[in-house]
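Please work through the exercises below with the structure open beside you. Each one sets a task and is followed by a worked solution.

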Amino acid sequence: MEPIYLTIALDTPLDRLFDYRWEPVADEALPQVGQIAWLPFGRQEIAGLILAVGSQTEVPADKIKSVLAVRHQCPALDSRWIDLCRFAADYYQRPLGEVAIPALPKNLRVPKATSLDRNLKKLAKLAPAQDASAVQEPALNAQQQTAVDVISANTAFTAYLLHGVTGSGKTEVYLQTAARVLAQSQQTQVLILVPEINLTPQLEGNIRNRFPGLQIATLHSGMAEGERLLHWLAAHTGQARIILGTRLAILSSLPHLKLIVIDEEHDPSYKQQEGLRYSARDLAVWRAHQLGIPVVLGSATPSLETWQHAKAGRYQKLELSERAVQAAVLPIVKIINTEREKPSEGLTQRLVSAIRQRLEKGEQSLLFLNRRGYAPVIHCDACGWISNCTRCTAHLVMHKLDKKLRCHHCGLEQRIPRACPTCGNIDLQPLGRGTQRLEEGLQVLFPEARVFRIDADSTRLKGSAEAAFDTVHRGEVDILIGTQMVAKGHDFKNLTLVAALNPDSALFSQDFRASERLFAQLMQVAGRAGRAAQKEGGNASEVLIQTRYPDHPLYHALMAHNYPGFADDLLEERQQAAMPPFIYQALLRAEAKELETAILFLKDAANCTPHHGITINDPIPMTMTRVHNVDRAQLLVESTSRPALQAFLKEWITDLRALKSRVKWGVEIDPVDI
Ligand code: ADP
Ligand code: ZN
Ligand code: ZN
């Protein structure tokens with residue numbers, strides 16, 4: 001028999017494929033494109049993806065190595081999945097293997113096939129419940145009905161922007177559209193992406209109740225590896241019909257995909273911020289286009305990129321302009337000027353009485369403070385010492401409950417010093433206010449109330465976030481304090497007051513996207529109020545914003561619930577200033593022990609490749625320059641032409657490699673944090 005050679009993609013920074021020899025074991029079947037192989041690479045053994053099977057190779061016979069095993073048990077990945085990875089690799093300027101291999105579950109990339117075999121067996125036994133009866137679906141209102149009809153009648157590619165105010169029943173549109181699409185055939189698959197699964201456990205429950213006969217796979221980073229493989233296989237074999245996941249699910253294998261839904265499409269968590277810095281939303285649109293299927297982007301506050309696509313007619317806009325529950329109305333948004341009404345313990349008198357009114361009627365209040373810990377910094381009045389992190393350009397945050405000072409960037413932890421480390425003064429003062437301090441103040445102010453805090457610290461343990469939200473839903477909480485974690489998706493039925501305590505800092509951020517994000521966040525958290533009809537004798541739902549800038553246009557747009565007005569104004573500003581979405585950007589980041597070294601590298605980088613039609617800005621230190629003893633700088637590259645930028649980046653990256661600098665660097669396409 002002639003020798004067989006396999007061309008394989010590997011997870012290495014080398015931008016090429018690798019040939020291996022295949023020597024069959026006993027009567028082993030011929031390997032196929034899309035199968036996974038286990039093979040030697042340097043001194044290691046790693047997994048690879050087979051991209052071609054042939055009888056020739058350029059590699060000399062004494063150099064070629066043989067694969068150790070081919071995972072025949074796992075059905076081959078199809079060409080459309082490989083093309084998706086190829087597109088992502090090309091677009092984000094990475095070798096194919098660096099995209100495709102990490103997209104596979106870890107337990108597929110191990111020396112033994114034990115976990116694979118076990119999970120395939122498990123999968124075979126997972127017969128969905130047959131005669132379970134589905135929870136009745138509610139009758140849709142006219143706008144919801146139109147949305148469902150339009151989307152499910154479409155069997156070609158269209159990107160839909162489902163723009164619906166908070167509480168307008170977007171979820172119901174997703175579910176009923178999914179139901180129609182799933183009814184098209186016994187195989188059809190639907191992918192639903194959400195920002196973070198443990199913050200929206202309600203959705204998973206709703207889907208299970210609505211589709212009791214169907215297998216549902218969930219995919220997110222919090223899963224144990226074995227479980228992850230099981231769910232990935234369920235999707236890959238086509239057994240799972242609904243796949244609910246976070247951004248990483250966009251790279252899963254879905255052979256019968258017919259609809260993609262992206263809930264809260266504006267959410268920053270759709271952008272991966274390390275490794276392959278992809279946008280799951282953008283890849284979803286590409287994937288829908290590739291397959292010729294509809295993709296639904298839902299939000300009350302779409303990203304400006306998406307909003308602009310809709311305005312230009314590239315995306316089709318579907319509007320839900322009213323709350324779905326009859327008699328539930330959008331809350332009244334009011335501004336409290338904290339220059340005039342000085343807060344005490346972070347709360348103005350007006351806010352305190354509003355909370356009291358809720359307590360009297362047995363209604364819930366939500367206080368939004370996007371800063372965890374007790375105080376963002378402690379300091380010494382006598383000598384001016386402040387608690388800085390020794391490894392980062394950041395303060396150590398005071399955590400009173402566990403008596404620690406903690407850096408939220410590098411994880412450095414110290415006991416709270418009993419006295420000032422420089423002058424010995426024992427009267428160290430916390431400055432500012434985090435959620436823990438607010439909680440303490442509220443317990444003193446309202447000793448009879450059940451005060452409850454939800455933030456990354458209170459929900460560190462697995463499952464604790466779900467448990468915490470359940471407590472709120474069961475009505476066992478009067479005053480809920482939370483960071484952005486509480487803003488998302490929750491349908492709190494008894495909540496009639498939402499207050500934002502100190503949202504101003506984002507108004508003057510250097511990042512041009514900060515105000516877009518602030519608006520989305522405030523609109524979303526405000527949207528937790530008044531989701532049920534006002535109770536008889538109860539309070540009307542309101543949102544109170546404490547601010548020093550009561551005349552800021554952002555707050556005025558919020559009062560008017562006017563996202564379109566706000567977005568159009570921002571878009572005009574962006575167009576005039578030549579910023580995204582009107583131009584395209586890429587960022588070269590550099591990290592070194594000394595800032596100087598990073599900047600020097602970026603200066604070389606700016607000059608190493610000819611660039612016509614490309615603007616290369618000056619290198620600058622990142623806003624938070626030092627993290628964990630590493631200094632960071634960046635170089636922003638822009639163009640009005642996406643193809644020109646892509647072509648330049650390809651050449652540039654080759655030239656950057658040739659510089660052979662010891663500086664650690666990376667290129668990010670469409671950066672969102674600048
Ligand atoms: P959104 O995601 O747009 O903020 P949700 O999907 O959470 O809104 O819906 C808000 C509330 O309205 C939920 O309690 C949901 O059950 C309810 N709802 C949605 N559609 C309808 C409908 N057609 N009739 C009655 N209630 C509905
Ligand atoms: Zn001191
Ligand atoms: Zn630090």
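**Exercise 1: a salt bridge and its surroundings**

Glu 98 is buried, its relative accessible area being 18%, where buried stands for under 20% relative accessible area, exposed for over 50% and partly exposed for what lies in between, with a 1.4 Å probe and protein chains only. The model is a predicted one, in which local features need pLDDT of at least 70 and side-chain atom pairs count only at pLDDT 80 or more, while totals for chains, interfaces and linings use all residues. Residues are numbered from 1 along each chain as its sequence is written, chains are lettered from A and ligands numbered from 1 in the order in which they are written, and side-chain values use heavy atoms, with hydrogens and water left out.

Task: find which side chain meets that of Glu 98 in a salt bridge.

Solution. Begin with the rule, by which a salt bridge is a side-chain nitrogen of Lys or Arg within 4 Å of a carboxyl oxygen of Asp or Glu. The side chain that meets Glu 98 is that of Arg 94, at 2.9 Å from N to O. Arg 94 has 27% relative accessibility and counts as partly exposed. By this rule the count comes to 43 salt bridges.

**Exercise 2: two further pairs**

Task: state for Asp 282 and Arg 281, and then for Glu 439 and Arg 453, the N to O distance of the salt bridge.

Solution. In the second pair, the distance between Glu 439 and Arg 453 is 2.7 Å, N to O. This second pair links distant parts of the chain, with Glu 439 in helix H11 (residues 435–445) and Arg 453 in strand E20 (residues 451–454), 14 residues apart; helices (H or I, at least four residues) and strands (E, at least two) are DSSP runs, numbered from the N terminus. Glu 439 counts as buried at 15% relative accessibility, and Arg 453 is buried as well, with a relative accessible area of 10%.

**Exercise 3: the zinc ion**

Task: identify which residues coordinate the zinc ion (ligand 3), and say how their donor atoms are arranged.

Solution. Donors are N, O and S atoms within 2.8 Å of the metal (3.2 Å for Na, K and Ca), and sites may look incomplete, as water is not among the atoms. The SG atoms of Cys 389, Cys 392, Cys 407 and Cys 410 coordinate the zinc ion at 2.3 Å. The angles among its 4 donor atoms run from 104 to 115°, and the site is tetrahedral, a label given to four donors if all angles lie between 85 and 135 degrees. Along the sequence, the donor residues of the zinc ion follow the spacing C-x2-C-x14-C-x2-C. Cys 392 lies in the loop between strand E15 (377–380) and strand E16 (397–399), and Cys 410 in the loop between strand E17 (404–406) and strand E18 (413–415), so the pair ties together parts that are 18 residues apart in sequence. Cys 392 and Cys 410 are both buried.

**Exercise 4: a residue in a helix**

Task: determine where Asn 119 is placed, and which residues are in contact with Asn 119 when its neighbours within four places in sequence are left aside.

Solution. Asn 119 is in helix H3, residues 114–125, and is buried, with 2% relative accessible area. With contact taken as heavy atoms within 4.5 Å, Asn 119 is in contact with Gly 226, Leu 229, Leu 230 and Leu 233.

Note on methods:
Tetrahedral: all angles 85-135°; square planar, octahedral: opposite > 155°, others 65-115°.
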